[in-house]
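This report is meant for a reader who is meeting the structure for the first time.

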Amino acid sequence: MLLILLSVCSMAVAEEKQPETKQQAKPFLSIKVVDEAGKPVAGAQSGMIAVVTGSDQKTGVDWSFGHYAVRSDEKGIIRYLQREKYYGTIFVRHAELRLVGVKRIDVDEIKDSPVLLTMHPECHVTWSLKSSQLNDIGKQVNQIRGHAAVDDLSCLFCNSSGSTFHFYLPPGKYTLSGAGEHISPVEKTIEIKPGQTELDAGTTDTAALKYILLTGKSAPEIVDVQEWKNGPVKLSQLRGKVVVLEFWGWWCGPCVIRGIPELFQLREEYSEDDLAIIGIHVSYGENDEVGSIKEMDEKLAQVREKVWKGKQIDFPVAFTRKRKLAFAPGGAKVAHSRMSVEYGIDLFPTLIVIDRQGNVVRKMYPWDKVERDKLKRLIEAK
């Protein structure tokens, strides 16, 4: 199951510190970490979110832990506060001993405390991604991001500037998920045997994201819309204008805090005769789904007041139907709308630029001055 981190949309996690209090609050969860011989492991780093970044063992890797980021004491005990941050999985690692452990824990079903978590010698798992489609058009895979999941919950994230992931995991069965700037999400199931310290998961050939293949070609029409806000509108009606499509969701922090305000700024800078702005709203998980524009607007009430300073979305927004689809034939069903598949969108927010002739130009980062200058030149080149 591919997980998109909504709070950062990049699988990078900053270490969080426990708040200092005069009187230590009672932990909602305590675990005891031991090695395979049952001996307590002191000084093990833990967190709900662990991220490993780096190229390989020779050049070293960088570890960071988020959501708790606390260490085991001399008795191997780790105590967790702030119940609202917990989502089910604990990842523990001792850097010097090269021990790791992962455990899914339902706090509502705990009978004995502390919960025992056994750490094992870590297995270095490598998994490479390539794309024949990108190679055929002379483009690279570029930076990739991935995660390992156990029991359908993510336990370890990985960022790589090359084409190979490096995971460090204990024995068990895992689903590896990978994606990248130019490639469609892909999954692979692996099993690490007890005592295994190296595992080569091979190389997976994955499809290029659709927007890469669409560059210079006619932009797909907006389809599978459940409801419109300030619409409807068709791309075919907008020939002669530069168009930007913003893929976003009310549930996405970066979308509502940064993405939509950037669109407000673009609307102030350019007239509707030159630049058309269209939002493509995409649902994500079941807990984040809303069934109508009205519900979406209700969810955004506080954001509209506190972040948007009372501004209203006055450009068309296509409220797409929630779908579980594959980005490419035979792939994992990790896309969340037909429009996400049509344009190859797996991160939010994502802004796609379409020229006056109706052809896809590029994905754009509106906060980047160089990108904004490119858009300005495109608009001015009538």
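## Cysteines

Cys255 has a relative accessibility of 0%, and it therefore counts as buried. The model in which this value was computed is a predicted one. Cys252 likewise counts as buried, because its relative accessibility is 0%. These two residues are joined by a disulfide, with a distance of 2.4 Å from S to S, and a search of the whole structure finds one disulfide. The torsion about the S-S bond of Cys252 and Cys255 is about 80°, so this disulfide is right-handed.

Cys158, for its part, is in no disulfide, the nearest cysteine sulfur being that of Cys155 at 12 Å. Cys155 counts as buried because its relative accessibility is 0%, and Cys158 counts as buried because its relative accessibility is 1%.

## Aromatic residues

A search of the whole structure finds 11 aromatic pairs. One of them is formed by Phe165 and Phe167, whose ring centres are 5.6 Å apart and whose planes meet at 40°, so the pair is tilted. Phe165 and Phe167 are both buried. One aromatic cluster is made up of Trp63, Phe65, Phe91 and Tyr168.

Phe157 is found in strand 13, which covers residues 153–160, and it counts as buried because its relative accessibility is 1%. Between Phe157 and Phe167 there are two distances to set side by side: the two residues are 10 residues apart in sequence, and from C-alpha to C-alpha they are 8.0 Å apart in space.

An open sheet of three strands has the order 6-1-9, and its pairing is mixed. The edges of this sheet are strand 6 (77–80) and strand 9 (115–118), each of which pairs on one side only. Direction ignored, neighbouring strands of this sheet are turned by 30° against each other on average. Strand 1, which covers residues 29–34, runs antiparallel to strand 6 and is joined to it by four bridges; within this pairing, Leu29 stands opposite Tyr80 in strand 6.

Another open sheet of three strands has the order 14-11-17, again with mixed pairing. Strand 14 (164–169) and strand 17 (198–205) stand at its edges with a single partner strand each, so one side of each is left without a neighbour in the sheet. From one strand to the next, the twist averages 15°. Strand 11, residues 123–130, pairs with strand 17 in the parallel sense over six bridges, and the bridge partner of Thr126 in strand 17 is Asp200.

## Strand 15 and its partners

With which strands does strand 15 pair in the antiparallel sense? One partner is strand 12 (residues 144–150), which is paired with strand 15 (residues 172–180) over six bridges. In this pairing, Ile144 stands opposite Gly180 in strand 15.

Another partner is strand 16 (residues 186–192), which pairs with strand 15 in the antiparallel sense over seven bridges. Here Tyr174 stands opposite Ile190 in strand 16. Strand 15 and strand 16 form a hairpin, and five residues lie between them.

## Helix 7

Helix 7 covers residues 369–380, and at 1.5 Å a residue its 12 residues should span 16 Å; the end C-alpha atoms are 16 Å apart, which agrees with that expectation.

Which residues of helix 7 are buried? They are Glu371, Arg372, Leu375 and Ile379. These residues cover an arc of only 100° around the axis, and therefore they lie on the same side of helix 7. On the other side of the helix, Lys369, Val370, Arg377 and Glu380 are exposed.

Conventions: Residues are numbered from 1 along each chain as its sequence is written. This is a predicted model: local features need pLDDT of at least 70, side-chain atom pairs count only at pLDDT 80 or more; totals for chains, interfaces and linings use all residues. Side-chain values use heavy atoms; hydrogens and water are left out. Two strands pair if DSSP finds at least two bridges between them. Helices (H or I, at least four residues) and strands (E, at least two) are DSSP runs, numbered from the N terminus. Rings of Phe, Tyr and Trp (its six-membered ring) pair if their centres lie within 6.5 Å; planes under 30 degrees apart count as stacked, over 60 as edge-to-face and the rest as tilted. Buried means under 20% relative accessible area, exposed over 50%, partly exposed in between (1.4 Å probe, protein chains only). Axes are lines fitted to C-alpha atoms, for helices over the stretch in contact, and angles run from 0 to 180 degrees between N-to-C directions. A disulfide is a pair of cysteine sulfur atoms within 2.5 Å. The expected span of a helix is 1.5 Å times one less than its number of residues. The arc is that of the directions from the helix axis to the C-beta atoms.
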